[in-house]
Amino acid sequence: MAGKDGAMSIVGRWPTVIGYWGTRVQTSQEVAQTMRAFLDDLEAIDPDWALPWVNTKQRSRGTADLSVDGLVRIFEHSRSGEMGYSDTPGPGYSISLSPEDGTARAIIAWVGGVETSAPNSVQVALPTEKDVPSELRRLLDPGIGDAIMKVIVEHWEPDRARWSIGDYRKLQNRSKGEVEVGWETYFHSGITLDRSMLPQSAVVEELPTGTLIRLGDKPMEVAAADIVAVRAAFGYPV
């Protein structure tokens with residue numbers, strides 16, 4: 001685990017909820033409609049997820065029209081033959097949303113493209129414990145994280161997703177395509193899991209398209225042994 005001091009500690013404790021999926025070529029209209037419905041549900045979870053500042057590879061940061069039509073224009077403007085990060089050409093769109101006040105939270109998406117070394121993904125970045133102002137501390141509550149995970153699964157239908165921090169990621173020497181384990185871990189139907197090997201803290205919830213594993217009710221305080229045990233349950237090297 002990371003130490004208590006220094007930048008590495010901050011990064012190690014930075015919580016994110018992210019869903020990944022493979023090849024799914026989509027039009028800007030399809031992506032915009034999904035994004036708008038997703039943003040509506042995030043804002044219903046908590047109004048502080050209304051993030052009006054947009055940043056794309058081709059657009060300077062600033063307020064934006066986030067209606068479906070506005071998102072279509074943003075996504076068309078952000079279209080990139082290589083998604084801005086990939087070594088495999090393909091259609092796709094990128095966008096990053098953040099608050100005007102600069103507090104550390106964001107919604108980041110690379111969507112509508114072919115599977116590459118960095119697959120399609122939507123990420124909700126929460127503030128760190130160190131940086132979160134008292135009025136936003138509720139965003140780290142387990143109920144908020146669980147709700148964010150479920151709207152990512154509902155709208156984006158990822159192959160796998162997780163709520164995690166850097167410290168948990170450092171415990172996993174993952175190979176490409178493996179499910180990354182976090183406080184909450186989602187995987188699409190068809191992935192093998194030996195439930196008898198799960199730790200006592202694990203609660204398994206069946207969702208319409210897959211399975212969610214939750215390790216207790218303290219997202220930032222999951223035991224390293226529990227992360228490792230879930231990896232073993234997936235049959236991964238530990």
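Predicted model: local features only at pLDDT ≥ 70, side-chain atom pairs only at ≥ 80, totals over all residues.

Trainee: How are two packed helices described?

Mentor: Two packed helices are described by the angle between their axes and the distance between the axes. Helices (H or I, at least four residues) and strands (E, at least two) are DSSP runs, numbered from the N terminus, and the axes are lines fitted to C-alpha atoms, for helices over the stretch in contact, with angles running from 0 to 180 degrees between N-to-C directions. Here, helix H2 (residues 28–45) and helix H4 (residues 142–156) pack at an angle of about 160°, their axes lying 10 Å apart. H2 is therefore roughly antiparallel to H4; angles under 35 degrees count as roughly parallel, over 145 as roughly antiparallel, 65 to 115 as roughly perpendicular and the rest as oblique.

Trainee: Which residues of H2 and H4 make the contact?

Mentor: Contact means heavy atoms within 4.5 Å, and on the H2 side it is made by Val31, Thr34, Met35, Ala37, Phe38, Asp41, Leu42 and Ile45, whereas H4 contributes Ile144, Ala147, Ile148, Val151, Ile152, Glu154, His155 and Trp156. The residues of this contact of H2 with H4 divide into twelve nonpolar, two polar and two charged, where Ala, Val, Leu, Ile, Met, Phe, Trp, Tyr, Cys and Pro count as nonpolar, Asp, Glu, Lys and Arg as charged, and the others, Gly among them, as polar.

Trainee: At what angle do H2 and helix H3 pack?

Mentor: H2 and H3 (residues 68–78) pack at about 125°, with axes 8 Å apart, which means that H2 is oblique to H3. Ser28, Gln29, Val31, Ala32, Gln33, Met35 and Arg36 of H2 meet Val68, Leu71, Val72, Phe75 and Glu76 of H3, and by class this contact of H2 with H3 has seven nonpolar, three polar and two charged residues.

Trainee: How many salt bridges does the structure hold?

Mentor: A salt bridge is a side-chain nitrogen of Lys or Arg within 4 Å of a carboxyl oxygen of Asp or Glu, and the structure holds 16 of them. Asp48 forms one with Arg105, the closest N and O atoms being 3.6 Å apart; Asp48 lies in the loop between H2 and strand S2 (53–56) and Arg105 in the loop between strand S4 (93–98) and strand S5 (106–111), so the pair ties together parts that are 57 residues apart in sequence. Arg138 also forms a salt bridge with Asp48, with the closest N and O atoms 2.4 Å apart. Because Arg138 lies in the loop between strand S6 (120–125) and H4, and Asp48 in the loop between H2 and S2, this pair ties together parts that are 90 residues apart in sequence.

Trainee: Are Asp48, Arg105 and Arg138 buried, partly exposed or exposed?

Mentor: Buried means under 20% relative accessible area, exposed over 50%, and partly exposed in between (1.4 Å probe, protein chains only). Asp48 is partly exposed at 25%, Arg105 is buried at 6%, and Arg138 is partly exposed at 31%.

Trainee: With which residue does Glu184 form a salt bridge?

Mentor: Glu184 forms a salt bridge with Arg214, the closest N and O atoms being 3.0 Å apart. Glu184 lies in strand S8 (residues 184–188) and Arg214 in strand S10 (residues 210–215), so parts 30 residues apart in sequence are tied together. Salt bridges that share partners join Asp146, Lys150, Glu184, Glu205 and Arg214 into one network, and Glu184 counts as buried, at 0% relative accessibility.

Trainee: Where is Asn173 placed?

Mentor: Asn173 is in the loop between helix H5 (166–169) and S8, and it is exposed, with a relative accessible area of 71%. Not counting residues up to four places away in sequence, Asn173 touches Glu178 and Arg231.

Trainee: Which residues of helix H6 are buried?

Mentor: In H6 (residues 224–233) the buried residues are Asp226, Ile227, Ala229, Val230, Arg231 and Ala233, and they pack against H5 and S10.

Notes
Residues numbered from 1 in each chain as written. Heavy atoms only, no water.
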